[in-house]
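Please have the sequence and the model open while reading.

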Amino acid sequence: MNLDILYADDSGNTGTDYDNVQQPLFSLAGVIVETKKWFEIDKFILTRKNEIIPEFPGYEIHATEIFNGKKNKMKGYDFRKNSLKANLSLLEQLVDVIVEIKLPILMFAVIKRNLKSYCQKKYFMGIKIDPYFIAFSYLSLSFNYFLKNKERKGMIFLDEQMALVDGIEDLLERLRLRKSYDSDICIDCIIERALFVESSKSNFIQIADVCNFYINRYHSMKLGVIPSEIKKDHIEKMYRRIEPLIIKPIANPEE
């Protein structure tokens, strides 16, 4: 059976800390890969990664670390030695890879202050909802809708979130069962539970990381998180490059 796989990564994850001024937005985004093209695309990504960053063959891409020029002693890389211009150039080349492979992108973002307002009105803050669960539910429904239109089946792979595993699996199970006379919400094209993989072992999770980095930073700028001018221009430029690959969100599932 030829399956589609959604590889998703999160950004802006502060749990139920809704008031984090530097991260006002939580986003979950992923790329969709046809299994019949998996080996070909995976090999292409690995080859291009090693051409772009030859000093660190097999480097696990974390867009934030390159963007901010960070060092990781445990993994042996150091992007502090590069100028900002050089690091942004590396990221531009990684975005080139995303544009070349043309994988569809699914995303959903949660504005944390809106979620806080909802919890205040609904539960008087007695219950706080992790934005991850909202975004995962919506992303699952969008992926299911994508699969149904293609008359295909699919699976979801997520970057490791061990603290949330039980909640995510429970959500997917509930979405599979939910279908009543007044709602068409039901996950019926996604097989298995959500699977969790280490980002270091998946080129596709790493590509999702880059996509989500720009999605999150671009929409965070609209919420007032404005970086330096050179970084702002870079974020806008890279977001515009991947934007044509982002699938238009489905309507409100309840509607």
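Asp96 has a relative accessible area of 26% in this predicted model, so it counts as partly exposed, the class between under 20% and over 50%. Arg241, at 30% relative accessibility, is partly exposed too. The side chains of Asp96 and Arg241 meet in a salt bridge, with N and O 2.5 Å apart. This pair links distant parts of the chain: Asp96 lies in helix α3 and Arg241 in helix α8, 145 residues apart.

A second salt bridge, between Glu92 and Lys237, has its closest N and O atoms 3.8 Å apart. Here again distant parts of the chain are linked, with Glu92 in helix α3 (residues 84-101) and Lys237 in helix α8, 145 residues apart. Glu92 is partly exposed, with a relative accessible area of 27%. Lys237 also counts as partly exposed, at 46% relative accessibility.

Which class does each partner fall into in the salt bridge of Asp78 with Arg80? Asp78 has a relative accessible area of 19%, and because buried means under 20%, Asp78 is buried. Arg80 is exposed, with a relative accessible area of 54%. The closest N and O atoms of Asp78 and Arg80 are 3.3 Å apart.

| Asp78 | Arg80 | 3.3 Å |

Side chains of opposite charge can pair when their charged atoms come close. The structure holds 15 salt bridges. Through shared partners, salt bridges also join Asp4, Glu34, Lys36, Lys37 and Arg152 into one network.

The other topic is the largest pocket. How much space lies in the largest pocket? The volume is about 520 Å³. The elements that each give two or more residues to its lining are β1 (4-11), α2 (63-67), α7 (203-221) and α8 (229-242). Helix α7 gives the largest share of the lining, nine residues.

In total, 31 residues line the largest pocket. Those that lie nearest its centre are Ser11, Gln23, Thr64, Phe213 and Arg217. By class, the lining has 13 polar, ten nonpolar and eight charged residues.

Terms used. Residues numbered from 1 in each chain as written. Predicted model: local features only at pLDDT ≥ 70, side-chain atom pairs only at ≥ 80, totals over all residues. Heavy atoms only, no water. 1 Å grid on protein atoms, 1.4 Å probe; cavity = no way out; pocket = protein on both sides within 12 Å on 5 of 7 lines; lining within 4 Å. Points joined across faces, edges and corners; volume = space filled by probe spheres on them. Helix = DSSP H or I, 4+ residues; strand = E, 2+ residues; numbered from the N terminus. Nonpolar A, V, L, I, M, F, W, Y, C, P; charged D, E, K, R; others polar. Salt bridge = Lys/Arg side-chain N within 4 Å of Asp/Glu carboxyl O. Buried < 20%, exposed > 50% of the residue type's maximum accessible area, 1.4 Å probe, protein only.
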